[in-house]
Amino acid sequence: MKRNVVRKSVALALAATLLPLLAGCTRHSKKERYYLIATNTTVPYWKAAAAGFAAAGAKYGVTVDTRGPAGLDPQAEVNEFKSVVALKPAGILVSVANADIMQPQIDAAINAGIPVITIDSDAPTSERLYFIGTNNLEAGRLGGNRMAARLNGKGNVVVFTNPGQPNLDERLKGYKDVFASYPDIHIVDIFNIKSDPGTALDQSMAYLARKGKDKVDGFVCLDSRSGAEVAEGFKRMNATDRTLIAMDVDADTLQLVKDGVIDSTISQKPYTMAFLGLKALDDVYHYPVKPLAQSYALNPYSPFPTFIDTGVALVDKSDVDAILSHQH
């Protein structure tokens, strides 16, 4: 009799231990659909993010889909976002190309009960739950300090960017913050690539042709693709006495760093952003917060952070091989 009681006790203990584990394994379903809306699905940066999103989806056994325009087009991104909201998904990750036109759509999704988390580029005044990505101000400061050191605190600098894109604007502010301490460093032009990094090639050669007091000493690229284009301009003009700082770790950018054409590049973690983003959306979907639309940033008892920083690093010739070894 005592032996039977012991056996029953052991069985109950095992059941109590295993049931939560089994529930954790079976709570997910392929019917759960999560979407990542990217600013430009064709570039390596967003392909890395899509890979992280897919890896997290496979781990959790849910359905994921990365969508967005094939080229930077803020209105097309908004249209894609709206079409995904209409599908009533379990959650949406979005990188914001233009906060002014995306914010109303994010707010509408949240008020419809669809969790939205921003990654890479934020819309901080929207009702999104929170932001996962780079501290872009810090990324700009990191590049600014590198440029100031390379120029020995003196020189003319040009910047290639897409004005109005929140993350790029923050990076530019970071550079300006640093240069404010160097009265002999001047940003002489901010070139709008107008969503086409290819325009940076011709413009870089025009800048390289400037002489005398108008000589451009430093070149800064705030997006992921214009760095390689400016580097091509350097090669065509045989410019070896200038400094070029790029953004992100696309394979061609890293090779140009290794070759010494690009001085350095600022590394982000798009794979990590999307991987963590899916995990975060999944948690909100299975453990919902009601009402979903709240002022979480002002709430000291909020279940969500305001910002998860995935990190930023400067890559130069001293460590480029280590980064290349992680490329798939």
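In this predicted model, Glu80 and Arg67 are joined by a salt bridge in which the closest N and O atoms are 3.7 Å apart. The two partners belong to distant parts of the chain, with Glu80 in helix α3 (residues 74-85) and Arg67 in strand β2 (residues 63-67), 13 residues apart. Arg67 has a relative accessible area of 26%, and is therefore partly exposed.

This pair is one example of a kind of contact that comes to a count of 16 salt bridges. Another is the meeting of the side chains of Asp177 and Arg141, where the N to O distance is 3.1 Å. Because Asp177 sits in helix α6 (residues 166-179) while Arg141 sits in helix α5 (residues 136-150), the pair ties together parts that are 36 residues apart in sequence. Asp177 counts as partly exposed because its relative accessibility is 29%, and Arg141, at 30% relative accessibility, counts as partly exposed as well.

A further salt bridge is the one between Arg225 and Asp252, whose closest N and O atoms are 2.8 Å apart. Here Arg225 belongs to the loop between β8 (218-221) and α8, whereas Asp252 belongs to helix α9 (residues 251-259), so that parts 27 residues apart in sequence are tied together by the pair. Asp252 has a relative accessible area of 31%, so this residue is partly exposed. Salt bridges also link several residues into a network, which is made up of Arg146, Arg150, Asp263 and Asp316.

The loop that holds Arg225 leads on to α8, and in this helix (residues 226-236) is the place of Ser226. Ser226 has a relative accessible area of 0%, and since buried means under 20%, this residue is buried. When residues up to four places away in sequence are not counted, Ser226 touches Phe160, Pro197, Ala200 and Cys221. Among these neighbours, Phe160 also has a part in an aromatic cluster, which it forms together with Phe191, Tyr207, Phe219 and Phe234.

Aromatic contacts deserve a look of their own. A pair of aromatic rings is described by the distance of the centres and the angle of the planes. The structure holds eleven aromatic pairs, one of which brings together Phe131 and Phe307: their ring centres are 5.4 Å apart and their planes stand at 15 degrees, so the pair is stacked. Since Phe131 lies in strand β5 (residues 131-133) and Phe307 lies in strand β11 (residues 307-309), the pair ties together parts that are 176 residues apart in sequence. Phe131 counts as buried because its relative accessibility is 7%, whereas Phe307, at 33% relative accessibility, counts as partly exposed.

The last stop is the largest pocket, in which about 630 Å³ of space lies. This pocket is lined by 22 residues, and those closest to its centre are Ala48, Val249, Tyr271, His326 and Gln327. Helices α2 (44-60) and α10 (270-286) each supply at least two residues of the lining of the largest pocket, and the largest share, five residues, comes from α2. By residue type, the lining of the largest pocket divides into eleven nonpolar, seven polar and four charged residues.

Methods: Residues are numbered from 1 along each chain as its sequence is written. This is a predicted model: local features need pLDDT of at least 70, side-chain atom pairs count only at pLDDT 80 or more; totals for chains, interfaces and linings use all residues. Side-chain values use heavy atoms; hydrogens and water are left out. Helices (H or I, at least four residues) and strands (E, at least two) are DSSP runs, numbered from the N terminus. Buried means under 20% relative accessible area, exposed over 50%, partly exposed in between (1.4 Å probe, protein chains only). Contact means heavy atoms within 4.5 Å. On a 1 Å grid over the protein atoms alone, a cavity is a set of points where a 1.4 Å probe fits but cannot get out, and a pocket is an open set with protein on both sides within 12 Å along at least five of seven lines; lining residues have an atom within 4 Å of a point. Grid points are joined across faces, edges and corners, and a volume is the space filled by probe spheres set on the points. Ala, Val, Leu, Ile, Met, Phe, Trp, Tyr, Cys and Pro count as nonpolar, Asp, Glu, Lys and Arg as charged, and the others, Gly among them, as polar. A salt bridge is a side-chain nitrogen of Lys or Arg within 4 Å of a carboxyl oxygen of Asp or Glu. Rings of Phe, Tyr and Trp (its six-membered ring) pair if their centres lie within 6.5 Å; planes under 30 degrees apart count as stacked, over 60 as edge-to-face and the rest as tilted.
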